[in-house]
Amino acid sequence: MRRKLFILFCLLTLPAWLAADENDTAAIRQFAEVADATAIENVQPVKNIILMIGDGMGFEAVTAARIAALGRGIGLAFDRMPVIGQSVTYSLNDDLITDSAAGATALASGLKTLNGRIGEDREGRKTKTILELAKELGKSAGIVVTCEATHATPACFASHVKERNNYWEIARQMSQAPLDVLLGGGYGYFLAGSRKESFRDDELDLLGEMQKRGAVVTTKIPEFRGLDLSRVDKLVGLFAPSHLPPAGKREISLPEMTQAALKILSRNPKGFFLMIEGSQIDWAGHANNLQYSVEETLDFDQCLQTVLDFAGKDGKTLVIVTADHETGGLSLNSADEGKKTLTAGWTQGDHTANVVPLLAFGPNAAAFGRVVQNHQIPQLAVQGWGVKNFTGFAFEK
Ligand SMILES: [Zn+2]
């Protein structure tokens, strides 16, 4: 009998012993699914919103880029942002880890959803995006990325599908979306299936259709550079069948594409919305590759400088910089200043639950200087457009 009781005692206490041995585990409380939008006091009118997303870019990716560029100094474009907060990135999945689809849906539509969803809520209802809202308000809209245009982050602003891997359908929807500028990679999804370099299984010629609807369409960088942008109102430039090459090998940089987008979009007297993604910071994190991370983050930072040059002169542009999540659990260990090397540690090759940077510049920037849920970012942003209740409501399309 005693022996039996002892075994029972062991079984009952085993979970507690295991937890005690796992130093990396802590108890968590139940967390709220969503928080209400927060009204901005003394809201200032905003003409343009530029949302910059460093995919997978945690605070440490920025720190590594700063050390690589400036040693002990500060002075990146990031460092010139007057308002700094943090974004909490979890999705409706129960492990606190968002993927890029749920993360970008929160940033685009103002609501949290399940991983994998592109512009849809947890019930699969289509959600209105900030880009679609901009068009309703008579503004222009653009997307600039270094990945395929159909990848999760850009897709969440201009398409609505249940599964992020449905690239054919995302391309079809994006070709019909109210976009004035689309720059990046991924023309393989927009070419008829019989064409060389196409990834499609059908004969939809989506580049041709966009051209018919009035867009200037190009897949060649020299042709893009030769365009007289003052005469171009709609521009589609996709410069690789799949993703653009990594920053170190890219023939066209994020700042160059952004400059072109700003030239076109800023001609609309009613303003514009522009989403810019430094897409490959995330891939550097997945690969635990510090050099790649630094090069991508510095390309993104130079792009921010281009944006700040524009926004500083304009005075009516709200610039927001954030990430959809952190990737890799990057931590900086030590540097050898003589050899100019920096050593990093990574906790894993996937996304983490770390909070991410939230930086803002321009009218209403102060509203972002705190800890927010990721889905509150567009809710706060559009208040300068006079929209108070952008809470990710579903709508029929
Ligand atoms: Zn991501």
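This is a predicted model: local features need pLDDT of at least 70, side-chain atom pairs count only at pLDDT 80 or more; totals for chains, interfaces and linings use all residues.
Entry 1, the helix pair. I looked up how H9, residues 254-265, sits against H11, residues 290-314. The two helices pack with their axes 8 Å apart and at an angle of about 25°. Angles under 35 degrees count as roughly parallel, so I put H9 down as roughly parallel to H11. I noted the hand of the crossing as well: H9 and H11 cross in the right-handed sense.

Entry 2, the residues between them. Which residues of H9 meet H11? I listed Leu254, Pro255, Thr258, Gln259 and Leu262 on the H9 side. On the H11 side I wrote down Asp299, Phe300, Gln302, Cys303, Thr306, Val307 and Phe310. By class, the residues of this contact are seven nonpolar, four polar and one charged.

I traced an open sheet of ten strands with mixed pairing, in the order S5-S6-S4-S3-S7-S1-S8-S13-S2-S14. Its edge strands are S5 (216-218) and S14 (371-373), each of which pairs on one side only. I recorded an average twist of 15° from one strand to the next.

Entry 4, H9 again. I checked where H9 meets the sheet and found that H9 packs on it, touching S3 (140-148), S4 (181-185), S6 (235-238) and S7 (272-278). The direction of H9 makes about 165° with that of S3.

I then went to S8 (residues 317-322) and S13 (residues 356-361), which run antiparallel and are joined by four bridges. Which residue in S13 is the bridge partner of Val321? I found Leu359 there.

Terms used
Residues are numbered from 1 along each chain as its sequence is written. Axes are lines fitted to C-alpha atoms, for helices over the stretch in contact, and angles run from 0 to 180 degrees between N-to-C directions. Angles under 35 degrees count as roughly parallel, over 145 as roughly antiparallel, 65 to 115 as roughly perpendicular and the rest as oblique. A crossing is left-handed if the near helix is turned anticlockwise from the far one by less than a right angle, and right-handed if clockwise. Two residues are in contact if their C-beta atoms, placed from the backbone, lie within 7 Å. Ala, Val, Leu, Ile, Met, Phe, Trp, Tyr, Cys and Pro count as nonpolar, Asp, Glu, Lys and Arg as charged, and the others, Gly among them, as polar. Two strands pair if DSSP finds at least two bridges between them.
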